[in-house]
Amino acid sequence: GVDYGAPEGAPVIAPADGRVVLVGEEGDGFPYHGTCVSIDHGHGVVSLMMHLGATAVTHGDSVVAGQLIGKVGATGIATGPHLHWGLHVGGDAVDPTPWLKDPEEDADPPR
């Protein structure tokens, strides 16, 4: 995964449509991840957002790309506020950076 520095309380949004498959809290067995949200995007693609200060979704919720799912925090093992985005494809951890491409870049220009 990748760490993204951000101020405490900054919004964390769903990177793509999917279903929330986990909302974890530090006190519920996630001492390293802290408060976290995992989204199953389908086709073997799963995101895990960690170290959140707050969540805005619950287990089973359907989310759309860009929807607020939580706020940046410093829960779990963290030296300061940040978002850690873990991405798994087919069960393998991958770098999420290439997935940040703006889909509008592929859109046909207006005529």
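What follows is a chat about a predicted model of one protein chain.

Biologist: Before we dig in, what kind of model is this, and how are residues numbered?
Modeller: It's a predicted model: local features need pLDDT of at least 70, side-chain atom pairs count only at pLDDT 80 or more, and totals for chains, interfaces and linings use all residues. Residues are numbered from 1 along each chain as its sequence is written, and side-chain values use heavy atoms, with hydrogens and water left out.

Biologist: OK, how many helices and strands are in the chain?
Modeller: Zero helices and nine strands. Helices (H or I, at least four residues) and strands (E, at least two) are DSSP runs, numbered from the N terminus. From that end the elements read β-β-β-β-β-β-β-β-β.

Biologist: How much of the chain counts as buried?
Modeller: 32% of the 111 residues. Buried means under 20% relative accessible area, exposed means over 50%, and partly exposed is in between (1.4 Å probe, protein chains only). The accessible surface comes to about 6300 Å², with 56% of that belonging to carbon and sulfur atoms. Those areas come from the Shrake-Rupley method with a 1.4 Å probe, and for residues only the protein chains shown count as cover.

Biologist: And the contacts, how many join residues at least 24 apart?
Modeller: Among contacts between residues at least 6 apart in sequence, it's 60%. Contact means heavy atoms within 4.5 Å.

Biologist: Switching to charge, how many positive and negative side chains are there?
Modeller: 4 positive and 15 negative, and the centres of the two sets lie 10 Å apart. Lys and Arg count as positive and Asp and Glu as negative, while His and the chain ends are not counted. The place of a charge is NZ of Lys, CZ of Arg, CG of Asp or CD of Glu.

Biologist: Let's look at strand β4. Is Cys-36 buried or exposed?
Modeller: Buried, at a relative accessible area of 0%. Cys-36 sits in β4. Not counting residues up to four places away in sequence, Cys-36 touches Leu-22, Val-23, Gly-24, Phe-30, Leu-48, Met-49, Met-50 and Leu-52.

Biologist: And Ser-38, where is that?
Modeller: Also in β4, which covers residues 35–42. Ser-38 is buried, because its relative accessible area is 7%. Leaving aside neighbours within four places in sequence, the contacts of Ser-38 include Arg-19, Leu-22, Val-46 and Leu-48.

Biologist: What does the Ser-38 side chain have at 3.1 Å?
Modeller: A polar atom of that side chain lies 3.1 Å from the backbone oxygen of Ser-47. Ser-47 is also on the contact list of Ser-38.

Biologist: Now the histidines. Which side chain does His-84 pair with at 2.6 Å?
Modeller: Asp-3, in a polar contact. That term means a pair of N or O atoms within 3.5 Å; within protein, one must be able to donate a hydrogen and the other to accept it, and residues adjacent in sequence count only if both atoms are side-chain atoms. His-84 lies in strand β8 (residues 82–89) and is buried at 17%. Beyond four places in sequence, His-84 touches several residues, including Gly-1, Met-49 and His-51.

Biologist: What's the phi of His-51?
Modeller: Near 70 degrees, a positive value in a residue other than glycine. Most residues other than glycine have a negative phi. His-51 is in strand β5 and is buried at 6%.

Biologist: And His-43, buried or exposed?
Modeller: Exposed, at 84% relative accessibility. His-43 lies in the loop between β4 and β5, and has a positive phi of about 55 degrees although it is not a glycine.

Biologist: Last one: where does Pro-98 lie?
Modeller: In the segment after β9 (92–94). Pro-98 is exposed, with a relative accessible area of 59%.
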